[in-house]
Amino acid sequence: PPGQALPDRQPVYVASWIYIFGVLTLAALLVVIGSGCVLALGGVTWWHVSSLGLFVNSVHLWSVELFFGFMVINLWGKFWMAAWRGGRALTWMTGVVLFVVSIGTAFTGYLSQTNFAGQWIAAEAKDGLDAVGIGAFFNVLNPAQMLLWHVVLLPLGVGAITVMHIILVRRHGVVPPLDADLGVDS
């Protein structure tokens, strides 16, 4: 309901540390998006030659590292709490799909570095993707295609799934622990 979108009281079990990792994941994602937008404004290779570009690139990289760390802890925490209980299966599934799409986004980020490391990763990945039959649709040796996937297509997917996941969490509430005292903190 509209009055419960941002409730003023939470159940007592939300005071546990495991519940903070979803918010930390979201905060890291916002830094990833912000630093990525700054990198995109500078052009394709400016972060290799500018000290500001190197800084923003480093912020982008480390926020991605934190994003994945927080997301993995959140996913494992919710897995061991059986987060699909109580009509929350779709919430759990959107989190898992978000993780998979984020891996693809990070992979294309490595491929669009426009340096030797990006070329090496692309050459090594080409054979693996060809072996599973998607090399014709997903050309990792084309830096422009990988940049398009990394900057536009996959981030739109990550953003849409994130919004859907947050709406589902707000609609169904956070999952209580298996042995939760369902009292409400005042």
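Colleague: Is tryptophan 62 buried, partly exposed or exposed?

Modeller: Buried means a relative accessible area under 20%, exposed means over 50%, and partly exposed lies in between, with a 1.4 Å probe and protein chains only. Tryptophan 62 has a relative accessible area of 56% and is therefore exposed. This is a predicted model, in which local features need pLDDT of at least 70 and side-chain atom pairs count only at pLDDT 80 or more, whereas totals for chains, interfaces and linings use all residues. Residues are numbered from 1 along each chain as its sequence is written, and side-chain values use heavy atoms, with hydrogens and water left out.

Colleague: In which element is tryptophan 62 found, and how many helices and strands does the protein chain have?

Modeller: Helices (H or I, at least four residues) and strands (E, at least two) are DSSP runs, numbered from the N terminus. Tryptophan 62 is found in helix H2. The protein chain has five helices and zero strands, in the order α-α-α-α-α from the N terminus.

Colleague: Is serine 63 buried or exposed?

Modeller: Serine 63 also has its place in helix H2, which covers residues 51–80. Its relative accessibility is 5%, so serine 63 counts as buried.

Colleague: Which residues are in contact with serine 63, leaving aside its neighbours within four places in sequence?

Modeller: Contact means heavy atoms within 4.5 Å. With those neighbours left aside, serine 63 is in contact with Ala28, Val31, Val32 and Ser35.

Colleague: Lysine 78 lies in helix H2 as well. Is lysine 78 buried or exposed?

Modeller: Lysine 78 counts as buried because its relative accessibility is 14%. Beyond its neighbours within four places in sequence, lysine 78 is in contact with Ile18, Tyr19, Ala83, Trp92 and Val175.

Colleague: Where does threonine 114 lie, and what is its phi?

Modeller: Threonine 114 is found in the loop between H3 and H4. Its phi is positive, about 55°, although threonine 114 is not a glycine. With a relative accessible area of 35%, threonine 114 is partly exposed.

Colleague: What is the phi of alanine 82, and where does alanine 82 lie?

Modeller: Alanine 82 lies in the loop between H2 and H3. The phi of alanine 82 is near 55°, a positive value in a residue other than glycine. At 13% relative accessibility, alanine 82 counts as buried.

Colleague: What share of the residues in the protein chain is buried, and what does the C-alpha trace span?

Modeller: Of the 186 residues in the protein chain, 32% are buried. The C-alpha trace spans about 55 × 40 × 25 Å along its principal axes. Among contacts with a separation of 6 or more, 74% are between residues 24 or more positions apart.
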